[in-house]
Amino acid sequence: MNSTIDRDLLAQLFVRPELAQSLTLAQWTQVLTVLRHEKLLARYALLLEHETYFDALPKFVQRHCHSAITLAERHAKQVHFELAQLRDTFTAATDTWLVLKGSAYTASGCSAAMGRVYNDIDILVDKPHLSIVERQLIMSGWMPQEIDDYDEAYYRQWTHEIPPLQHGYRGTMMDLHHNLVPPVSGRAPDMSLLFKHIELTDAGIPVLALPAMALHSAIHLFFNDDFSASFRDLTDLYLMFNDMSHAQWETAYSLALETGFATELALAMHCTGDMFQISLTAPQLRFVSTHTTLRQSRWICNAMYSTHPFVATSSQSWYTTYAWLRGHILKMPAKTLLYHLSMKAYRLSVERILGKHFFTKQDKGTDRVMP
Amino acid sequence: MSNTFELALEPFHFQIHTDIPLVAENLRLMYGDRVHDVTNQVGILPYIDYILHITHTNGIRRFFRPQARFKCDQYEPFKPLNHSQAFAMLEWGMNWAIASYEMEHVVIHSGVLARGDDAVLFPAPPGSGKSTMTAHLAFNGWRLLSDEMALITPLSQSVTPFVRPICLKNQSIGLAKQWFTDAQFSSIAKDTHKGDVIHLAPPIHQPSDLCRPATIKAIVFPQYQRGAQIDITELNQAQAMYQLADNAFNYSVLGERGFNTLIGVVEKARCFQILYSQASDVQEFLEQEVLQPKLVETVCE
């Protein structure tokens with residue numbers, strides 16, 4: 001299928017939703033496909049839903065929009081439910097815990113909650129209470145996932161989280177963290193700096209206040225090697241940045257400096273400005289130019305766009321590889337990185353030769369195939 | 001060499017990319033003039049709902065016990081299967097896409113057949129003889145709306161056709177081949193998680209059959225038992241509701257709307273549990289005792 005859309009059109013849909021009126025049916029087919037792939041269909045649908053022109057859009061577009069909104073509503077309901085269940089388990093085990101990322105956006109009701117869908121719930125506890133919380137969770141039905149030995153060791157030794165947990169009945173996935181970034185990177189911040197920014201939602205769920213939440217979103221995206229959801233994450237940042245007052249920006253700047261993540265915040269500001277074609281204010285520009293170089297941010301920005309074949313540019317894989325390597329270098333010291341990359345390369349080459357699913361464990365049950 | 005096909009299976013449009021000749025062949029057998037080969041040319045459908053890929057796995061696995069992979073756009077929901085099962089995998093993949101993404105209908109795992117515009121649902125787990133019953137009725141004067149999924153318009157009794165091949169398993173394959181000598185059968189997918197599986201092309205009497213909704217008048221939970229005398233139990237609304245919800249794909253996602261829809265359906269329809277060995281006994285019961293004999297002819301919009 002030849003492409004009829006490009007990455008700039010895709011980004012502009014979120015700034016100027018009314019562009020919907022000018023899309024052809026062929027463009028809609030691709031826009032809906034890419035947005036579904038990027039987990040952004042519900043978010044865009046919500047931008048259109050109450051506009052006067054919505055009823056004039058093609059019927060199949062309206063159908064996919066309604067379906068995506070229904071699914072996202074279900075996700076949000078599930079998150080509220082899970083968090084209400086988890087609140088007591090966590091509160092009993094520790095005084096210091098908080099919900100992070102997508103589920104925190106939904107819990108707090110901030111603008112990035114709009115149409116947000118999740119693969120998992122992210123929760124952070126203070127490190128001294130990690131093992132007691134892990135035990136408590138297993139007692140209440142959260143089971144460790146079956147992963148291979150290499151990955152298990154990878155999590156335990158080097159990362160800032162434990163291997164994912166899954167609820168035995170409901171299938172919900174949870175990532176349990178004890179820091180924002182892997183301690184092996186040498187960049188793990190003193191978490192007490194962030195704990196000062198915890199606030200409780202109406203339902204009694206601890207989340208970061210907006211400036212700290214946006215900063216963590218930036219850290220999660222730019223101090224990382226996984227860009228599979230980067231376009232979606234950048235729309236999260238765009239929405240949160242839009243809502244921040246002057247005072248909240250000042251808080252974000254100083255927290256970024258205290259925790260040592262000024263570069264990540266600067267990159268997030270530059271990339272949202274660049275991708276969504278919005279101009280930064282004078283203080284924002286000052287912060288960006290102080291903490292990142294134009295060349296670095298240009299390379300990183302290019303890696304943030306959707307990699308879906310309908311919109312990926314021919315040079316995109318270079319930028320993605322660069323960003324992936326940079327992420328690894330940030331997260332791991334050279335010796336660890338060398339070991340990790342050679343293990344990954346070995347496993348990848350086996351898959352190249354013997355087939356993509358060589359390491360995939362076979363399903364014993366049969367339910368997976370038929371819905 | 002990869003081929004591209006477009007399938008207009010109202011109410012959904014699919015685009016299928018495949019490099020497996022068996023899939024291309026079965027698509028033509030099962031869908032006839034509803035499938036269009038658009039390889040290397042501009043598509044003919046104005047829009048596509050789902051872009052599907054069913055392809056060989058890469059690497060030397062292609063030559064050594066070759067496997068087929070299914071992807072809905074970029075997403076791979078299942079693990080690969082033996083490539084002889086590729087067409088069945090594509091059919092399940094289409095079901096998966098609808099069950100996962102379509103929330104504008106309450107979707108129930110159910111056969112749907114109609115006399116005129118009076119529909120009967122046959123919701124049942126695998127092994128209950130649902131598809132054998134579906135095939136029997138579809139080839140004996142009833143209108144097939146679906147073998148796999150009932151698409152119910154929320155808060156109504158209206159069910160929308162989604163006409164696709166009938167999926168037969170194990171012993172029923174031999175029976176169907178005896179019964180319907182003129183029908184088109186796909187190649188057999190051997191040793192799947194459901195056993196041996198074959199698809200049977202649906203009889204299509206009128207083009208308008210493909211998009212004219214019907215009204216749910218009865219719900220039958222079939223239970224096949226070899227040699228059994230027909231045994232019919234009328235269910236009360238609570239029993240029917242419970243069993244119907246058990247077979248619904250997206251009931252939990254739709255929440256209150258889904259719940260109210262199913263309540264409305266069981267309140268207006270008669271519900272039965274039927275133990276049977278002869279599908280014709282069930283047909284006779286439904287035609288004589290449950291549905292009023294009448295035929296309504298209207299055309300699609």
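This is a predicted model: local features need pLDDT of at least 70, side-chain atom pairs count only at pLDDT 80 or more; totals for chains, interfaces and linings use all residues.
For chain B the pLDDT averages 91, with 95% of the residues scoring at least 70; within that chain, confidence is lowest in strand S13, residues 189-192, where the mean is 86, and highest in strand S11, residues 158-160, at 98.

Staying with chain B, let me turn to the sheet, which is open, has 6 strands with mixed pairing, and runs in the order S3-S1-S2-S4-S5-S6. Strand S3 (35-37) and strand S6 (81-82) of chain B are at the edges, and each has a single partner strand, so one side of each is left without a neighbour in the sheet. Further in, strand S1, residues 3-9 of chain B, pairs with strand S2, residues 12-18 of chain B, in the antiparallel sense over 7 bridges, and there B:Asn3 stands opposite B:Thr18 of S2(B).

Now to chain A, where helix H12, residues 262-275, packs against helix H13, residues 282-291, at an angle of about 125°, the axes being 8 Å apart. That angle makes H12(A) oblique to H13(A), and their crossing is left-handed. On the H12(A) side the contact is made by A:Ala262, A:Thr263, A:Ala266, A:Met269 and A:His270, while H13(A) contributes A:Gln284, A:Phe287, A:Val288 and A:His291.

Definitions and conventions
Residues are numbered from 1 along each chain as its sequence is written. Chains are lettered from A and ligands numbered from 1 in the order in which they are written. Axes are lines fitted to C-alpha atoms, for helices over the stretch in contact, and angles run from 0 to 180 degrees between N-to-C directions. Helices (H or I, at least four residues) and strands (E, at least two) are DSSP runs, numbered from the N terminus. Angles under 35 degrees count as roughly parallel, over 145 as roughly antiparallel, 65 to 115 as roughly perpendicular and the rest as oblique. A crossing is left-handed if the near helix is turned anticlockwise from the far one by less than a right angle, and right-handed if clockwise. Two residues are in contact if their C-beta atoms, placed from the backbone, lie within 7 Å. pLDDT is the predictor's confidence in each residue, from 0 to 100. Two strands pair if DSSP finds at least two bridges between them.
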